[in-house]
Amino acid sequence: MNSQFALQSLILRTAAHFLLPLLLIFSVFLLLRGHNEPGGGFIAGLVAASAVALYMFALDIRSAKRVLRFEPRDLLGWGLLFGVISGVPAVFVGQPFFTSQWLELTLPVLGELKVGTPLLFDVGVYLVVIGAVLLILLSLAEAED
Amino acid sequence: MRLEVALPVIIPLFFGALTLILWRWRLAQRVTTVAGTGLMLLSALWLLAATWQDGILVMHMGNWQAPFGIVLVSDLLGAIMVVLAGISGFATAVYSLTSMSRRHEAFGYYPLLHLLLAGVNGAFLTGDIFNLYVWFEVMLVASFALLILGGERAQMEGAIKYVTLNLVSSAMLLSAIGLLYGLTGTLNMADIADKLSYAEDPGIITVIAMLFLVSFGIKAGAFPFFFWLPASYHTPQVAVSALFAALLTKVGVYALFRVFTLMFTQDVDYTHEILLWVAAATMLTGVLGAAAQYEFRRILSFHIISQIGYMIMGLALFTPLAIVGGVFYIMHHIIVKANLFLVSGLVYRLKGTYELKELGGMYRSHPMLAILFLIPALSLAGIPPLSGFFAKFILIRAGVEAEAWWIVGVALLVGLLTLYSMIKIWAEVFWKAQPEEYADRPAHGSAGSGVLYLTIGGMAALTVFIGLGAEPVYRIADAAAHQLLNPSLYIDAVLGER
């Protein structure tokens with residue numbers, strides 16, 4: 001069933017099961033640290049997409065789709081929508097579109113937390129990148145079949 | 001902070017994302033598309049009204065002040081263009097309700113339509129030269145995909161020429177922007193204009209101006225870079241053709257108007273003289289090319305080129321009246337040209353072909369359509385009292401006042417030849433009897449063509465309105481030209497009074 005890929009490596013297949021969650025967690029880490037340090041939505045999206053891509057190469061397309069759960073196209077749409085929406089809150093406080101708005105929260109365990117619209121924008125980019133890369137990759141892999 | 005400046009860009013982006021999410025539900029996509037383009041048109045009208053009342057409006061995106069942040073600027077020319085984009089976008093969306101097949105919709109027609117409109121509006125409103133390049137790319141990416149929607153062989157062939165030339169043009173645009181940035185150290189158009197006015201070396205500025213001329217000339221379909229246009233515009237779905245014909249080349253023309261009135265006015269004798277020659281050659285080659293064609297949409301495509309020549313002529317003469325004429329011409333042209341393509345689509349739907357020699361007898365069978373064709377066709381040729389007459393009249397009057405006799409001669413001759421082309425279509429499609437052997441082509445018939453008639457009729461009514469109500473339209477064009485010829489208005493609005 002995965003005749004399209006010549007690699008039938010047991011090592012890769014076993015490793016992929018462990019690497020997938022690790023890479024996904026790492027991508028979220030990159031996404032969150034991206035505001036002030038190297039990282040951000042784009043690179044995090046690439047890492048997450050490559051995690052699924054690795055899974056696809058190690059197993060097959062069907063399991064990759066199952067593990068992704070969402071249609072890549074939907075991720076793309078939601079990502080774009082988040083990106084646009086993140087610009088809107090500024091308007092309600094009388095500032096131009098895309099002016100960043102911050103909310104300071106004091107949480108019991110984590111302490112002080114700053115949440116703002118740039119994070120929403122970054123999540124949007126994250127989803128768009130995952131969606132776009134996987135849409136291309138899965139379509140190509142399916143065309144190979 | 002003026003909200004309305006950003007809305008015509010934000011709305012299509014938002015609805016584009018929404019249609020992407022609604023991918024699986026065809027009806028929902030259609031409803032959101034019509035609602036989205038309708039809202040965009042309303043926001044564009046709001047913007048025009050606000051700009052008319054309060055002068056040039058500026059929004060500093062993300063609250064980063066110019067010249068460092070990216071600004072959206074709406075002067076009257078930009079606002080007019082956004083309104084025209086809204087009208088043609090809305091008309092296309094309504095027209096697509098019937099004309100677009102399920103298969104083409106499934107390729108992502110609606111998200112791409114919104115993306116294209118976002119790119120077009122962004123290009124019209126941005127006040128940053130690099131951002132202009134980005135919006136051009138957004139528009140091009142969407143247009144590549146729309147052009148090959150359906151994936152037929154002829155479409156691929158047209159798209160390859162289209163993509164290649166537009167990539168060359170984009171590369172040239174990018175290098176011109178790089179040089180300009182090296183020279184002035186800024187990307188904000190108002191700031192560039194301000195810095196160039198004290199620049200010491202006009203030679204290098206003229207070189208950069210010519211790079212801009214070539215790259216925008218390719219995008220506008222001006223002589224000698226127009227050949228991608230007739231090679232590709234007759235291949236996609238007709239609603240896409242109509243939208244392309246209405247907007248894409250006009251973004252190039254808009255960009256020429258913007259940079260050659262705001263930034264490159266140091267050496268008008270040289271740069272605008274070249275523009276004038278380009279205009280004449282564009283008019284002539286376009287109309288002569290059309291005379292040799294016998295396919296409905298190809299004739300119309302060649303006529304886009306000759307009409308672009310008129311607009312550039314207005315810019316090149318560079319007198320107040322000529323600029324008014326150019327702006328008026330753009331307004332008239334976008335509506336008329338989109339409508340002619342929409343008519344060709346309806347003819348195709350009824351008869352199953354675009355070839356003139358296979359068509360015929362439409363006047364007898366569809367008199368209503370014949371009249372709806374005549375309105376934009378005669379307007380294009382410049383017959384009074386339709387919009388095209390006033391557009392040409394203003395330009396030719398400007399030419400006479402500037403004593404540029406030869407360009408006046410060319411413009412008049414091209415007008416005559418345009419009439420010839422339109423009469424050719426009229427005689428072949430509507431007047432002569434249809435040849436027997438082509439009478440039984442498979443076609444959709446007239447089922448569901450009510451929406452199409454409605455769109456075409458609405459656009460034709462606008463043409464008549466611009467013709468009969470030329471006075472208010474002229475006043476808007478006049479005010480737009482006044483702003484274009486006084487760059488300090490634009491510069492002060494963006495950078496603040498200094």
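Two residues are in contact if their C-beta atoms, placed from the backbone, lie within 7 Å. Keep that handy for the exercises below.

This is a predicted model, where local features need pLDDT of at least 70 and side-chain atom pairs count only at pLDDT 80 or more, while totals for chains, interfaces and linings use all residues. Residues are numbered from 1 along each chain as its sequence is written, and chains are lettered from A and ligands numbered from 1 in the order in which they are written.

**Exercise 1. Find the place of A:A58 in chain A, and list its contacts beyond four places in sequence.**

Step 1: Start with the element. A:A58 belongs to helix 2 of chain A. Helices (H or I, at least four residues) and strands (E, at least two) are DSSP runs, numbered from the N terminus.

Step 2: Look for partners. Once you skip the neighbours within four places in sequence, A:A58 is in contact with A:L12, A:R13 and A:A16.

Step 3: Check one pair. A:A58 and A:R13 sit 45 residues apart in sequence, yet their C-alpha atoms are 5.0 Å apart in space.

**Exercise 2. Work out which way the residues of strand 1 of chain B point.**

Step 1: Recall the rule. In a regular strand the side chains alternate between the two faces of the sheet.

Step 2: Read off the sides. B:L57 and B:M59 point one way, B:V58 and B:H60 point the other way, and all are buried.

Step 3: Find the partner. Strand 1 of chain B runs antiparallel to strand 2 (residues 71-74) of chain B, with 4 bridges joining them; strands pair if DSSP finds at least two bridges between them. Opposite B:M59 you'll find B:L72 in strand 2 of chain B.

**Exercise 3. Describe the side of chain B that touches chain A.**

Step 1: Count. Here 17 residues of chain B are in contact with 16 residues of chain A.

Step 2: Name the elements. Helix 1 (7-21) and strand 1 (57-60) of chain B each give two or more residues to this side, and helix 1 of chain B has the largest share, 8 residues.

Step 3: Sort by type. This side of chain B has 13 nonpolar, 4 polar and no charged residues. Ala, Val, Leu, Ile, Met, Phe, Trp, Tyr, Cys and Pro count as nonpolar, Asp, Glu, Lys and Arg as charged, and the others, Gly among them, as polar.

Methods
Buried ≥ 20, exposed ≤ 12 C-beta atoms within 10 Å, placed from the backbone.
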